[in-house]
Amino acid sequence: MSTARRRTAAAAVILSGSLLLASCGGSGGSTSDGKTLRLWHYEGPTSAMGVAWNEAIKEFEASHPGVKVKYEEKSFEQIQKTAQMVLNSSDAPDIMEYNKGNATAGLLSKQGLLTDLTAEATERGWDKKLSAGVRTTSRYDADGVMGSGKWYGVPDYAEYTMVYYNKALFKKYGIAEPKTFDDLTAAMDEFVENKVTPLANAGSEYMAQQYLYQLALTKADRSWVDSYELYQGKVDFHDTAWTYAATTFADWVKKGYIAKTSSGTTAEQAGVSFIQGKAPILFSGSWWYGRFQSEAAFDWGSFLWPGSDLTLGSGGNLWVVPKNSENKDLAYDFIDITLSKKIQNLLGNKGGVPVAADASAITDPKSQQLIADFNTLSARDGLAFYPDWPIAGFYDTLVSETQKLITGSEKPDAYLSNLQTAYDKGSKCAPPGGARAPRARAPPPAPRPTRAAPATPTPSSSSPAPSPSSRSSSSRS
């Protein structure tokens with residue numbers, strides 16, 4: 001996510017500025033007043049994380065008399081574009097949600113803009129609460145490459161992508177619910193015949209590039225992912241996987257599966273189109289799950305992308321403590337609370353993927369299915385991170401280039417060549433000779449609910465979790 005994430009309209013506007021993520025340096029300092037915790041995050045108030053973190057704020061204030069949390073909601077895009085500028089100033093918050101991955105948290109850690117949390121992770125037991133796979137995106141080496149080195153962030157959830165579908169619309173048009181990839185494309189053909197655009201899409205943010213990355217993953221394996229994400233091999237954007245992804249995505253636009261007008265659509269608009277019952281299908285992350293549970297008035301379901309062992313996902317976005325945070329001890333206490341059983345259980349029952357919940361406390365049937373699918377992905381080492389993670393600034397490149405595929409102003413071959421150029425240029429900031437970090441392992445299964453949901457499929461030996469990260473990505477990334 002990739003950057004992936006990502007998801008909400010801004011409730012407040014922070015400093016605007018050009019994307020600065022392509023540079024490689026920075027500094028910071030800190031003082032302390034101990035009376036106010038300034039907190040930024042970009043989760044919607046009805047999302048699983050939003051609900052859980054709002055409760056965490058109440059818990060924090062109750063356990064810290066005289067201390068208030070000054071919460072400011074930011075959009076993913078705001079933080080993505082201004083992080084370096086804000087964190088290198090006196091305007092930095094005390095704690096904030098930030099996207100994980102080399103190009104985001106890794107870059108800021110390399111620039112000295114984030115606080116080293118290694119000692120706190122050990123003393124407070126965060127290293128024991130988080131599985132090895134989830135910890136992958138918490139640690140960064142001196143080159144900003146994830147997987148080893150010091151702790152610079154702490155996730156309190158996992159994430160992965162899936163296909164959401166509106167059961168009511170499928171029933172209305174007499175279309176069978178998909179079980180295979182061929183079923184999915186056949187269903188989209190039927191929707192087009194009924195003058196319904198099947199896929200909700202957001203060309204101006206992370207969603208479109210995640211569709212495309214998922215298509216590539218259907219032709220990829222773990223070594224392909226490690227080469228792309230961790231610099232462990234040659235990356236060729238004209239290989240079988242990327243070529244299939246770009247040509248198939250462009251073909252889907254021509255067939256009407258994806259609207260050309262979605263080139264300027266935001267992720268929030270795409271998500272709302274699904275919530276309002278306008279779009280029958282949306283491919284995106286588990287970060288939408290809780291919101292769909294609370295806001296969608298129709299029957300809906302979800303399934304892992306058919307025909308692929310890999311999908312986008314990872315440990316969730318990170319709590320990071322800026323180097324210029326004025327109240328670091330308070331920030332550490334807040335992280336502790338988000339990892340408590342009470343908050344983790346709430347997150348799980350509201351449609352999130354918790355990392356430290358009590359399994360018997362997850363009783364909501366849809367939440368049980370969400371966790372079961374995550375366990376399926378984990379068992380087959382299926383988390384493939386997010387497309388914008390490898391290099392700084394690649395998120396914007398993916399957005400602008402994928403928009404051209406949607407509008408038809410660029411052909412797949414030129415699209416892939418432009419991605420290759422940007423990737424090769426950006427990878428000059430990567431450590432020479434490949435990443436020194438070990439290959440990121442998939443998280444072990446999340447706590448399995450003790451009461452199985454009636455509609456939950458039995459897990460086989462099965463991502464993102466998100467991202468967007470990536471997101472994103474990107475996310476969300």
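Me: Which residue forms a salt bridge with Arg124, and how far apart are the closest N and O atoms?

Reply: Arg124 pairs with Asp336, and the closest N and O atoms are 2.6 Å apart. Keep in mind that we are looking at a predicted model.

Me: What makes that pair a salt bridge?

Reply: The cut-off is a Lys or Arg side-chain nitrogen within 4 Å of a carboxyl oxygen of Asp or Glu. Arg124 and Asp336 come to 2.6 Å, so the pair counts as a salt bridge. In general terms, side chains of opposite charge can pair when their charged atoms come close.

Me: Why can we say that this pair ties together parts that are apart in sequence?

Reply: Arg124 is in the loop between helix H4 (118–123) and helix H5 (126–129), while Asp336 is in helix H14 (residues 328–338), so the parts they tie together are 212 residues apart in sequence. The two residues also belong to a network of salt bridges that links Glu120, Arg124, Asp333 and Asp336.

Me: Are Arg124 and Asp336 buried or partly exposed, and how do you know?

Reply: Buried means under 20% relative accessible area, and exposed means over 50%. Arg124 has 23%, so it is partly exposed. Asp336 has 25%, so it is partly exposed as well.

Me: How many salt bridges does the structure hold?

Reply: It holds 15. One of them joins Glu55 to Lys342, with the closest N and O atoms 3.6 Å apart. Glu55 lies in helix H1 (residues 48–63) and Lys342 in helix H15 (residues 341–349), so this pair ties together parts that are 287 residues apart in sequence. Glu55 is partly exposed at 21% relative accessible area, and Lys342 is partly exposed at 46%.

Me: What makes Lys74 and Glu72 count as buried?

Reply: The limit for buried is under 20%. Lys74 has 1% relative accessibility, so it is buried. Glu72 has 18%, so it is buried too. These two residues form a salt bridge, with their closest N and O atoms 3.1 Å apart.

Me: Which ring does Lys74 lie over, and at what distance from the ring centre?

Reply: Lys74 lies over the face of Trp40, at 4.7 Å from the ring centre. Lys219 is placed over the face of Tyr244, also at 4.7 Å from the ring centre.

Me: How many aromatic pairs does a search of the whole structure find?

Reply: It finds 40. One of these is formed by Phe237 and Trp242, with 4.8 Å from centre to centre and 35° between the planes.

Me: Why is the pair of Phe237 and Trp242 called tilted?

Reply: Planes under 30 degrees apart would be stacked, and planes over 60 would be edge-to-face. An angle of 35° falls between those limits, so the pair is tilted. Phe237 is buried, with 0% relative accessibility, and Trp242 is buried, with 2%.

Me: Why is the pair of Phe292 and Trp300 called edge-to-face?

Reply: Their planes stand at 80°, which is over the limit of 60, so the name edge-to-face applies. Their ring centres are 6.0 Å apart, which is within the 6.5 Å needed for a pair. Both Phe292 and Trp300 are buried. They belong to one aromatic cluster, together with Tyr164, Phe274, Trp288, Tyr289 and Phe298.

Me: How do you know that strand E8 is largely enclosed?

Reply: Strand E8 (residues 281–285) has 5 of its 5 residues buried, so the rest of the structure largely encloses it.

Me: Which strands are joined to E8 by bridges, and do they run parallel or antiparallel?

Reply: Strand E6 (residues 157–166) runs antiparallel to E8 and is joined to it by 5 bridges. Within E8, Phe283 is the bridge partner of Val163. Strand E7 (residues 199–200) runs parallel to E8, with 2 bridges between them. Here Leu282 of E8 is the bridge partner of Ala200.

Me: How does the span of helix H2 agree with what it should be?

Reply: Helix H2 (residues 76–87) has 12 residues, and at 1.5 Å a residue these should span 16 Å; the end C-alpha atoms are 15 Å apart, which agrees. H2 is also mostly covered, with 10 of its 12 residues buried. Among them are Phe76, Ile79 and Leu87.

Definitions and conventions: Residues are numbered from 1 along each chain as its sequence is written. This is a predicted model: local features need pLDDT of at least 70, side-chain atom pairs count only at pLDDT 80 or more; totals for chains, interfaces and linings use all residues. Side-chain values use heavy atoms; hydrogens and water are left out. Buried means under 20% relative accessible area, exposed over 50%, partly exposed in between (1.4 Å probe, protein chains only). Helices (H or I, at least four residues) and strands (E, at least two) are DSSP runs, numbered from the N terminus. Two strands pair if DSSP finds at least two bridges between them. A charge sits over a ring if NZ of Lys or CZ of Arg is within 6 Å of the ring centre and within 35 degrees of the ring normal. The expected span of a helix is 1.5 Å times one less than its number of residues.
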